[in-house]
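Here is a short walk through a two-chain model. Follow it with the coordinates open.

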Amino acid sequence: MLSTRFIGWLRRYEKWFGIAAVILMVIGLYTGLVTSSADYYQGEVVRIMYVHVPFAQTAMFAYSTLFFCSIWYLWKRDPIVDNAAHAAAGIALFFTAGGLLTGSIWGKPTWNTWWTWDPRLTSFAILFLTLVGYLMLRTFLDDKEKRATFGAILAIIGFIDLPIVHFSVEWWRSLHQPLSVSTRGVSIAADMALPLSLMSIGFTLLFTYMLMVRTQMLYLEYLLEAKQGRLMSEERL
Amino acid sequence: MQFFSVIRWIAWKDLLSEYRNRENISSMFFFAINVILIFSFSFSLDPETIKEIMPGIIWVAFGFTAIIGLGKSFLVEVNNDCMEYFQMLPIPKGAIYLGKFLGNFLFMLSVEIVLFPLFVLFFNLDILDQFLKLLLISTVATIGLSALGTLFSALTVQIRAREVMFPILLLPLSVPIFIGAVEATRGILSGDAFALYRHWIELLVVFDVIFVVVSFWIFEFILDY
């Protein structure tokens, strides 16, 4: 089992990820909000990009983590991997909600609407619903191994579905109206690229930190539950 | 060869028990009629609007029918303690999935075929000469819907709040099916050339292939417990 060695490693190194995330995000926010220039077309509004894009990227990264943990769990049946998957799902939900929310706020001044059925927005909404379904499914299952296995199956199916959803919505919208925004071929100014990449790395580190803390917590809960079960069965004997 | 005979027998058993008690198909059918009835009150029925909203009505009705019909697919196996026997079968467990999938697909398709004339009747549609194309779209969309539905039915059958969880899992993931089916049906109803909506059918076929294969492979893990 990987678990015992891994949990010590998590406990020892988690704080460095947290510290690095805070430092990068503080620098990123300062350069993004203060020193970088405003956009030629969008003006000051563009600065929400430094939060929105990292939110969305990290949500995708978190869901990929959930996917790989799920495959790993089905393969090796290691409980801590399931704890990591569970943790990743919760955090992915948080970042997806953040991405949708900031996207909506950005959409109001630039596209003049809070919501549009843009492929990316729609696939993020479906990602959000899938993650909610994943977490709900887990709460309804009592057996630990069944919870882990069924969750992993759902996560894998959802991950495979996501690109198909994206392409189908892209086709669907392109028949009705042109895409509201497309970043393809848009190059980005150097003083914008710096805060954006700082924030992206900072968010990724923040996600890693959250994942490490939450995985430990879920693993301890798992151990506690197992211990309680043992004690109860001893009492009955 | 045992593999194929398991698929055949499971599908056959489902069809036979359905033929004898007619619970599933009749509930799906009358539920769909209710949905159609409610829709006909909800929208104005002048011919231009009908053409615009009809594909949506058809596929919402079929989608709800799928939720009613497919959600209970594995319930009968659990109630009769058949899951343990499935686990003991000395063949790849995907065969059981394919058998259940085949049965569900045939239920769904037969309900849809019976419902099409009712759409013609209630909404004055002129689709009888396009029937074969509609059948093609129904077939490819229903394959995808039954593939996901059968898998999620096995996933949710043993949990609390089964009736709630099944649609919550199924509907977001079947978005591509609904988009593809609605757009292709709209193409047919407005009399477009086949080439204009062929890509939707291709999308549905890709979806079908991916999810039948993935579900076939992943079903092994569901039956482990």
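Start at Ala85(A). Beyond its neighbours within four places in sequence, Ala85(A) is in contact (C-beta atoms, placed from the backbone, within 7 Å) with Leu66(A), Cys69(A), Ser70(A), Tyr73(A), Gly151(A), Ala152(A) and Ala155(A). The model is predicted; local features need pLDDT of at least 70, side-chain atom pairs count only at pLDDT 80 or more, and totals for chains, interfaces and linings use all residues. Residues are numbered from 1 along each chain as its sequence is written, while chains are lettered from A and ligands numbered from 1 in the order in which they are written.

Ala85(A) also belongs to the largest nonpolar core, which has 124 residues. Such a core is a set of buried Ala, Val, Leu, Ile, Met, Phe, Trp, Tyr and Cys residues joined through C-beta atoms within 7 Å. Buried means 20 or more other C-beta atoms within 10 Å of a residue's own, with C-beta atoms placed from the backbone. Ala62(A), Ala85(A), Ala88(A) and Ala92(A) touch the most other members. Helix α2(A) gives the largest share of this core, 13 residues.

How far can chain A be trusted? Its mean pLDDT (the predictor's confidence in each residue, from 0 to 100) is 85, and 90% of its residues reach 70 or more. Over residues 176–181 of chain A, pLDDT stays under 50. Where pLDDT is low, the predicted coordinates should not be read in detail.

Now turn to the interface. Chain B gives 24 residues to the contact and chain A gives 26 residues. On the side of chain B that touches chain A, α10(B) supplies the largest share, 8 residues.

Terms used:
Two residues are in contact if their C-beta atoms, placed from the backbone, lie within 7 Å. Helices (H or I, at least four residues) and strands (E, at least two) are DSSP runs, numbered from the N terminus. A residue is buried if 20 or more other C-beta atoms lie within 10 Å of its own, exposed if 12 or fewer, and partly exposed in between; C-beta atoms are placed from the backbone.
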